[in-house]
Amino acid sequence: MERLTISLNDKLAEQFDLVMHKRGYFNRSEAVRDLIRDLLDTVHSEEPDEGHCIATLSYVYNHHESELASLLIAAQHDHHDLTVSTMHVHMDHDNCLEIVVLNGSTRKVKHFAQRVIATRGVRHGKLHLLPVDFVDERDAARNVPHGGHAHPAHEPAEHTEDAALV
Ligand code: NI
């Protein structure tokens, strides 16, 4: 664990403490860690779409809109290699919130998410993507060329979850 000491002027420190408490943080270290994670997520999302990721895609839609619900289900089945699980919440009589957990190549996950978000009638679409070091152990072992599930490595220290997820 590294210790960082940072200097802030009084005004900035005061504003930071205010926002921190509003957001429910009790100590500055955790607030700063989350800020850094946010920054890293932003940087990662701007990088070329290489590597693997685990991601959540959330969106709202009106299930009365013709064919939209079945279109979304079909999209998920078409990409069953990427979609791990979907949570469906009936928000009210008309609106549904769906949260899809995705796992796979960053390029494919982004492409799928962009397609869903751009679908007519889908609102508040948001993708939260975490780059992860995945090793296609099973794919390699079974010589699955494509569409097999990627699994995180368990053995090498540099591929542990702690190392991969900041
Ligand atoms: Ni619903």
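Modeller: Contact here means heavy atoms within 4.5 Å. With that in hand, take the whole chain briefly. The model is predicted. Of the contacts in the protein with a separation of 6 or more, 64% are between residues 24 or more positions apart. The protein has 166 residues, and 26% of them are buried. Six helices and four strands make up its elements. From the N terminus the order is α-α-β-α-β-β-α-β-α-α.

Now the strands. Strand E1 covers residues 52-62 and runs antiparallel to strand E3, residues 95-105. Eleven bridges join the two. Within this pair, Ile54 faces Asn103 of E3. E1 also pairs with strand E4, residues 123-132. That pairing is antiparallel too, with eight bridges. Here His52 stands opposite Val132.

Strand E2 spans residues 83-90 and includes Val84. Val84 touches Val101, Leu102 and Asn103, leaving aside residues up to four places away in sequence. Asn103 is also the residue opposite Ile54. Is Val84 buried or exposed? Val84 is exposed, because its relative accessibility of 52% is over the 50% cut-off.

What do these strands carry? A nickel ion is coordinated by His88 through NE2, His90 through ND1 and Cys96 through SG. The distances run from 2.0 to 2.4 Å. The spacing of the donor residues in sequence is H-x1-H-x5-C. By number, His88 and His90 fall in the range of E2, 83-90. How exposed is His88? His88 counts as partly exposed because its relative accessible area is 32%, between the 20% and 50% limits. Cys96 is buried because its value is 2%, under 20%.

Next, two backbone angles. Most residues other than glycine have a negative phi. Glu67 is not a glycine, yet its phi is positive, at about 70°. Glu67 sits in the loop between E1 and helix H3 (68-78). Its relative accessible area is 61%, so Glu67 is exposed. His124 also has a positive phi, at about 55°, and is not a glycine either.

Last, the largest pocket. Its volume is about 760 Å³. It is lined by 17 residues, and those closest to its centre are Glu2, Leu4, Ser29, Val32 and Arg33. Helices H1 (10-22) and H2 (28-46) each supply at least two lining residues. Which element gives the most? H2 does, with seven residues. Sorted by class, the lining holds ten nonpolar, two polar and five charged residues.

Terms used
Residues are numbered from 1 along each chain as its sequence is written. This is a predicted model: local features need pLDDT of at least 70, side-chain atom pairs count only at pLDDT 80 or more; totals for chains, interfaces and linings use all residues. Side-chain values use heavy atoms; hydrogens and water are left out. Donors are N, O and S atoms within 2.8 Å of the metal (3.2 Å for Na, K and Ca); water is not among the atoms, so sites may look incomplete. Buried means under 20% relative accessible area, exposed over 50%, partly exposed in between (1.4 Å probe, protein chains only). On a 1 Å grid over the protein atoms alone, a cavity is a set of points where a 1.4 Å probe fits but cannot get out, and a pocket is an open set with protein on both sides within 12 Å along at least five of seven lines; lining residues have an atom within 4 Å of a point. Grid points are joined across faces, edges and corners, and a volume is the space filled by probe spheres set on the points. Ala, Val, Leu, Ile, Met, Phe, Trp, Tyr, Cys and Pro count as nonpolar, Asp, Glu, Lys and Arg as charged, and the others, Gly among them, as polar. Two strands pair if DSSP finds at least two bridges between them.
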